[in-house]
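Hello,

Here is the structure we talked about handing over. Please open it first, then read the notes below with it on screen.

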Amino acid sequence: MDSPALSPQGAPTRSRRWRRLRRAAVLPVAALALSGCTVPSFGAHPADTTTGQSSYHLWQGFSIGAAIVGTLVVLLLAWAILRYRRRSADAIPAQVQYHIPLEITYTVIPILIVIGLFAATLVVENKVVANPKTDVTINVNAFQWGWKFSYPGSSAVVVGQTTQDPTMVMPVGTDVHINLTSTDVVHGFYVRAFNFSRYALPGVVNQFTLHAVNTGTFFGQCTQLCGLYHSLMFFNVKVVTMSQYRTWLNSFSGSSAATAASAANTAQSQQTSSITPSKPTASHGAN
Ligand SMILES: [Cu+2]
């Protein structure tokens, strides 16, 4: 280690100060890199529904705004600390107060930022809770510890509990109206790929609309601690084309609901996710 380069008065030289600054910069850069801060998603999912994408873009806007404000604050702090540091034992910088224009500036700018964030949030929230008219409706019923998906106007019913992971089939590129409720206790309907979560409440029908933009099978789960086998309360959402959806619905005609549910569960057991846990030994009542 080289000895500190000192000026004749004993203060560090300019090259020594720059070396210190470079070392100080390593810490925040390493913190950002090691925390897995990803750009441009900032750790969120781009989403496979229109409203999920709106939430994703809102998250990006918030993150970029926070990064800009945070950087500005750190730079101002560093500037104030370095520029006005004590340079000798008996000298202090000039003391200034009541700078009205500056105080107005740093009061008004944060207020404008909060108004902007609030307005953007309001726009996205209105999109998420909108319920446009549509011909496709699915009734979702949560129970300890499974899910039942029924399709009004059709005999299609899919029901499954714990490790059976039932699949809710829905068409892509269409508004799908969901009526969500619960038979017993509070459950949570959560699909990560949709950036969407909603309570399933007994005695209450929560209504919302999902508009998938991509086909595929997406993982869902209950997000409310609802009892012994809450941790096994998974489901899948399978998004297919409209023609595939119609074909799937028609495959239930002529069969009883019970047979259809059984067929759906059998089909579903062939699509279960690779992270499905082992089935519990106890049996549980379904709704
Ligand atoms: Cu649960």
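**Surface patches**

Helix α2 gives the most to the nonpolar patch, with six residues. Keep in mind that this is a predicted model. Helices α1, α2 and α3 each supply at least two residues of this patch. Its members are W18, L21, F62, V69, V73, L77, I81, L82, I109, I113 and L117. Together they have about 950 Å² of accessible area.

I109 sits in helix α3. Its relative accessible area is 45%. Buried means under 20% and exposed means over 50%, so a value in between counts as partly exposed. I109 is therefore partly exposed.

Which residues form it? They are R14, R17, R83, R85 and R87. Look for R85 in the loop between α2 (50–83) and α3 (100–129). With 35% relative accessibility, R85 is partly exposed.

**Cysteines**

How many disulfides does the structure hold? The count is zero. A disulfide is a covalent bond between the sulfur atoms of two cysteines. C222 has 2% relative accessibility, so it counts as buried. C226 has a relative accessible area of 5% and is buried as well.

**Backbone points**

Now turn to the backbone. Most residues other than glycine have a negative phi, and most peptide bonds are trans.

Start with A47. Its phi is near 80°, a positive value in a residue other than glycine. You will find A47 in the loop between α1 (14–34) and α2. Is A47 buried or exposed? A47 is buried, because its relative accessible area is 6% and the cut-off for buried is under 20%.

Next comes T162. T162 is not a glycine, yet its phi is positive, at about 40°. T162 belongs to the loop between β3 (157–161) and β4 (167–171). With 3% relative accessibility, T162 counts as buried.

Then go to the peptide bond from Q144 to W145. This bond is cis, with omega near 0°. W145 lies in the loop between β1 and β2 (146–150).

**A contact across the sequence**

Last, look at strand β1, which spans residues 136–143 and contains N141. How many residues apart in sequence are N141 and T181? They are 40 residues apart. In space, their C-alpha atoms are 5.1 Å apart. N141 has 13% relative accessibility, so it counts as buried.

**Where to start**

Begin with the nonpolar patch, and pick out the six residues from α2. Move to R85 in its loop between α2 and α3. Then visit the positive phi values at A47 and T162. Finish with the cis bond from Q144 to W145, and with the pair N141 and T181.

Best wishes

Methods
Residues are numbered from 1 along each chain as its sequence is written. This is a predicted model: local features need pLDDT of at least 70, side-chain atom pairs count only at pLDDT 80 or more; totals for chains, interfaces and linings use all residues. Side-chain values use heavy atoms; hydrogens and water are left out. Patches are made of residues with over 30% relative accessible area and no salt bridge: like charges are joined within 9 Å, nonpolar side chains (Val, Leu, Ile, Met, Phe, Trp, Tyr) within 5 Å. Accessible areas come from the Shrake-Rupley method with a 1.4 Å probe; for residues, only the protein chains shown count as cover. A salt bridge is a side-chain nitrogen of Lys or Arg within 4 Å of a carboxyl oxygen of Asp or Glu. Lys and Arg count as positive and Asp and Glu as negative; His and the chain ends are not counted. The place of a charge is taken as NZ of Lys, CZ of Arg, CG of Asp or CD of Glu. Helices (H or I, at least four residues) and strands (E, at least two) are DSSP runs, numbered from the N terminus. Buried means under 20% relative accessible area, exposed over 50%, partly exposed in between (1.4 Å probe, protein chains only). A disulfide is a pair of cysteine sulfur atoms within 2.5 Å.
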